[in-house]
Amino acid sequence: MALKDMFDKMPGRAQDRPAPGSADLNATEEEQLSQITVRLGKERQSRAGLGKFLKHPLQVLTERPENILIVCIPLSLLVFFGGFIFMVQNYGMNVLFTATSVDDFLMFAVLIAIVPVALLDLKEQIRVKNLENALPNFFRDLAGMNDSGMTLPNAVHLVAAAEYGTLTPHIRKLDNEMSWGVGFVEALYRFGKGLGTSLADRSVDLIAKASKAGGDVSEVLRAAAKDTYEVVNLQQERSNNMMIYVIIVLVAFAVFLFVIAILVSSFLSTMATAGATAEASGASGFGAKINIFVYKRLFSHAAMMQGFFSGLVAGQMGEGRVIGGLKYSAIMLLIAWVTFRFFI
């Protein structure tokens, strides 16, 4: 028996050889694994960077307000340089000094660049405000149900049936993930990431860490509710207190336009008329060389620049964000252009 065992264990025996077709099977499995790896790599590339933009361009452009500049800036440059080349080709270089057409193209190019950003930023701020206003009630209701003896998944499931405005879809998504077996902490982190606000991130991080540490989750939920409520109130109070300064900026711009209108229509017109009369009579005096067009164009540039930068200042003072002032800049820029093109 010992000799037979030794003979069976010798290399090259049939039992040590691969079964027929096993090599092909291993090759097929390796090929399938390679294909899966390639697909996973392509999927990862499509979730970030250029790959994501090519696959979901609209989603990327509207994800953050400033992302729309990817399209707006090239489009605004195309409008400006296209208009500039068209005017120069048809009317020559003198059009830069004798007409305001190039200024108009520049103004429209600036509006094309900033208006979409301003609108998306306003939409995002409204969304964030609605979410943050609903967070304290959600945390407070969750804490109350947890105090009554419910587990957190059951409390979330019951709360998901209530109405919390723009926060409701996120709560229902949280409930669905927990019903599929996702842990409370992991689902809560996903919930905070989906909201995408700094206040939500801070509250979610506090609740998740307290839950991991094994503390009283109900008390932490109440603390988070109180914290979010106070932060929202402070933000609202700051906005109300700074509104007067935003109004001052807007009124200062209106006064500037009014003064220029009076200056052009009364003072400069009178001086130009008097100078022309004096020149026709052979006398030389002040006002003979006043060019109303040059002064109006100079004042229009000053008004548009003041409107644009005053809007940015208003956004910084009123909301604490320069980008928040783009809506004021667009409005004042358009008012200045309309005033000088149709009324002055």
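**Ground rules.** I number residues from 1 along each chain as its sequence is written, and I use heavy atoms for side-chain values, leaving out hydrogens and water. Since the model is predicted, I ask for pLDDT of at least 70 for local features and 80 or more for side-chain atom pairs, while totals for chains, interfaces and linings use all residues.

**Overall make-up.** I found 14 helices and zero strands in the chain, taking DSSP runs numbered from the N terminus (helices: H or I, at least four residues; strands: E, at least two). Of its 344 residues, 33% count as buried (under 20% relative accessible area; exposed is over 50%, partly exposed in between; 1.4 Å probe, protein chains only).

**Salt bridges.** I counted 13 of them (a side-chain nitrogen of Lys or Arg within 4 Å of a carboxyl oxygen of Asp or Glu). I looked up Arg297 and Asp103 and got 2.7 Å between their closest N and O atoms. Arg297 sits in helix H13 and Asp103 in helix H7, so this pair ties together parts 194 residues apart in sequence. Both Arg297 and Asp103 are buried.

Glu186 and Arg190 also pair, with closest N and O atoms 2.8 Å apart. They are four residues apart in helix H10, so about one helical turn separates them. I noted both as partly exposed: Glu186 at 42% and Arg190 at 41%.

Then I followed Glu319, which meets Lys327 at 2.7 Å, N to O. A network of salt bridges links Asp121, Glu319, Arg321 and Lys327.

**Largest pocket.** Glu319 and Arg321 turned up again here: with Gln125, Lys129 and Gln235, they lie nearest the centre among 29 lining residues. I put the space at about 920 Å³, the volume filled by probe spheres set on grid points joined across faces, edges and corners. (A pocket is an open set of points on a 1 Å grid over the protein atoms alone, where a 1.4 Å probe fits, with protein on both sides within 12 Å along at least five of seven lines; lining residues have an atom within 4 Å of a point.) H7 gives the largest share of the lining, nine residues.

**Nonpolar patch.** I found a surface patch of about 910 Å² accessible area that includes Met243, Tyr245 and Phe258 (nonpolar side chains, Val, Leu, Ile, Met, Phe, Trp or Tyr, joined within 5 Å, each residue with over 30% relative accessible area and no salt bridge). Areas are Shrake-Rupley values with a 1.4 Å probe. Phe258 lies in helix H12 and, at 55% relative accessibility, counts as exposed.

Key
Patch = residues over 30% accessible without salt bridge, like charges linked within 9 Å, V, L, I, M, F, W, Y side chains within 5 Å.
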